[in-house]
Amino acid sequence: MDPTILNTVKLNISEHFKAMLQFVKSISFSRAILVGIAVSLPLLLGIQLGYFEIGLALSFGAFWCSPSDISGSFRHKEIGILFSSALVMLVSFIGGYLHYESWLALPVLGILSFGIAYLSVFGFRASLISLSGLLAMVVSFAHEAEELQVYQTAVLIGAGGLWYLLLAKLWQRINSKAETEELLTATFVLTAEFLTTRGKLVDPHEDHNKLQAKLLSLQSQLTENHEILREILILSRKASGWSNYQNMRLLIFAQLIEMLETAIANPVNYDRMDALFNNHPQFIKAFQKIIFEMSRQLRAIPNAGNDANKLPKNDYLRQCFEGVRSEIELLRETQYYDEYLMLQNLLEYQEKLFTKLKRIKWLLGDPNTLEVEYIDRKVAKRFVALQNYDPRLLIRNFSFKSAIFRHSFRLAVTVMLGYALGSLFPFQNPHWILLTIIVIMRPSYGLTKTRAKDRFIGTLIGGAIASVLVFMVQDPYLYGTMALVSLVVAMSLLHKNNKASTIFITLSVAFIYAIAQPDILTLIKFRILDTLVGAGLSYAAILWLLPTWEFIEIKDRINNSIKANTKFLHKITEFYQRKGTVPTSYNIARKQAFVETSNLSSAFQRMGQEPKSKQRETDKIYELIVLNHTFLTSLASLSTYIRNHPTNEASEPFQQATAKIEHNLKKARQCLNQQYQEAAQIYKDIDQPFEEQLPNFHTLDFDQLESNDEASVRNLQEAHLVWEQLQWLFAISNKILKLAATVKLD
């Protein structure tokens, strides 16, 4: 065999083995093992001791409460599982008495479905509790115990939830650091990928539109990771101790957040930077070498584990910086002053990234705790977005204007329709139609469509595999083992690959039924039919029954992003005027600007999944998203510079300029809210030259660069960067205002 082909095969095998090993070590897999134990152990003991129905009820309770066990603060998980236990017990009690005529059961089923689904107004974790209740409702509606009373079954189901909580607490004690380490590793990798993409943007010959889209996607993923890590690291229970480990990880996490802000920063607008690199192409590779090496080191850090000796060294990066610094100094000597200032500021951003990277490695190298300045936990709590659980939310959202109300109503009607079809026609297991509807249907069109398709394809593939295996194997004990293994794999893939998860769920169900029912082909045929009906009803409902289209909601997302950017600009202006220690409110405003920009990007991605006929002003909305992100880039540039350099007093022209930019953003928000209709005046203002609308901020005296006075050079660098950012921010705010005045989203 050709050595090249052999090496390629070996490399592929090695990569697949590493991926498999990483999957087995993941939190998703360990959580799935936990579900497998929680479900199988009571059932096996019940069968062994002759209490099958007791074991089954406990297993149901454990399985239904497991969705609340998601990444985040363990205290929140604990509360979620407890509420799930209470809900499934109540629903099982009610559902147990619904075994009467369809004409009476139908409206009760609809009211229950609506009420349980409507709990989602309290946020994501509440939606998982709601899912537990809906699953319990369907199964309790279909399953009738022969030996136990309804109230006994309901209590045992609630106890099953407590059994799962006990296992979760035990696993938390054994492996308390695993979730934090996995999320931190993912954040390291995503930050490294973000840096790599920013490094590619340095090259003016790259596809900037494609790279900008990738940056938006990566930023959304990072924002989501950051929110979960904040919850885990900051909201830890006092009973578990605010340990040195948590303190160190919180400090590392803070450095990663600041690395993201610094990576976004750009000292001038992209067009000017592209022109500079076209004229001085030697700097493209020089800067990329630095950025790509920092990216490589970020990826390597999680692999070092607890061994400080395996952490990447700083020597190579120091050499890279020295080389670039010398090259930039040549521009100053040859009187390319404007280019010198731009590249010098860009270099200082990379040096700031390097400083953050070195601090991360220092923190991981087990430093003397007396030398470490820890983050105040009480202050840090202000950065965690706490969910509002005010009962008045139920009243406030009780309207067809609310997306959750519409979803709950849509789900209830679809469930009733699915139950009616299952009762009228000879389906073997009509409750599978209801389960399919509950699992597939989501408030958004795109996600419902994707889940419907994945569910049907996964069921077909799983059914085909199960048919072959059942004919090959005739051992009921082996069926039980394969059912358990399939369940564990399905649960571990649930949030990663819905199609693959459905394949293994189908296998698990088929193997369980194969133990007691030899006619497996009939079972698979009806499961495919039930899935097809449930998926079809879900898709039809999301398309025609009170649909919620993203173009209606995206106006608010744009508004929120502009508002958050405006507040961040205001905080930057305040800090530039007052100096001193960076206030917490400043960092909160910065965080909110990043979060809202990511939310806007995610909303646009959802809109892109909807039918073309239901999309509005797509090009203008995308341009607004890019402009908001670019505006945030400029804010990050100003923010990073003024926080890390001594700066002069803010001049009156600076204050006037930032006030004008804020005014443009305010008018843009008014246009989006249809409160500002003087479009002609807006265009007149926008068409005026920059110099006529803003006062001269600073006159750049390049002769100062000929002196060796570091203070003069530093003042010139500051003036150059601030002036560039003001011009850029003003130009972007003008474009945002112009688009906001023309976009029609109603």
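User: Does Ser444 count as buried or exposed, and why?

Analyst: This is a predicted model, and the call rests on relative accessible area, where buried means under 20%. Ser444 has 19% relative accessibility, so Ser444 counts as buried. The residue sits in the loop between helix 18 (431-440) and helix 19 (445-472). Leaving out residues up to four places away in sequence, Ser444 touches Ile542 and Arg606.

User: Which residues touch the most other members of the largest nonpolar core?

Analyst: In soluble globular proteins, nonpolar side chains tend to be buried together. Here the largest nonpolar core has 119 residues, and Phe277, Phe287 and Leu343 touch the most other members. Helix 29 (residues 710-742) contributes the largest share of this core, 13 residues. Apart from neighbours within four places in sequence, Leu343 is in contact with Leu276, Phe277, Phe283, Phe287, Ile328 and Leu331. A second, separate core of 75 residues includes Leu131, Leu435, Val488 and Met491.

User: How many cavities of 30 Å³ or more are found, and what lines the largest cavity?

Analyst: A cavity is read by its volume and by the residues around it. The search of the whole structure finds three cavities of 30 Å³ or more. The largest cavity, of about 190 Å³, is lined by 16 residues, with Arg198, Val202, Asn266, Ile291 and Leu346 nearest its centre. Helix 11 gives the most to this lining, four residues. By class, the lining of the largest cavity has eleven nonpolar, three polar and two charged residues.

User: Which residues lie nearest the centre of the second largest cavity?

Analyst: Arg31, Asp69, Lys77, Trp171 and Gln172 do, out of 13 lining residues. The second largest cavity holds about 150 Å³ of space. Its lining has six nonpolar, three polar and four charged residues, and helix 2 gives the most, with four residues.

Note on methods. Residues numbered from 1 in each chain as written. Predicted model: local features only at pLDDT ≥ 70, side-chain atom pairs only at ≥ 80, totals over all residues. Heavy atoms only, no water. Core = buried A, V, L, I, M, F, W, Y, C linked by side-chain atoms within 4.5 Å. Buried < 20%, exposed > 50% of the residue type's maximum accessible area, 1.4 Å probe, protein only. Helix = DSSP H or I, 4+ residues; strand = E, 2+ residues; numbered from the N terminus. Contact = heavy atoms within 4.5 Å. 1 Å grid on protein atoms, 1.4 Å probe; cavity = no way out; pocket = protein on both sides within 12 Å on 5 of 7 lines; lining within 4 Å. Points joined across faces, edges and corners; volume = space filled by probe spheres on them. Nonpolar A, V, L, I, M, F, W, Y, C, P; charged D, E, K, R; others polar.
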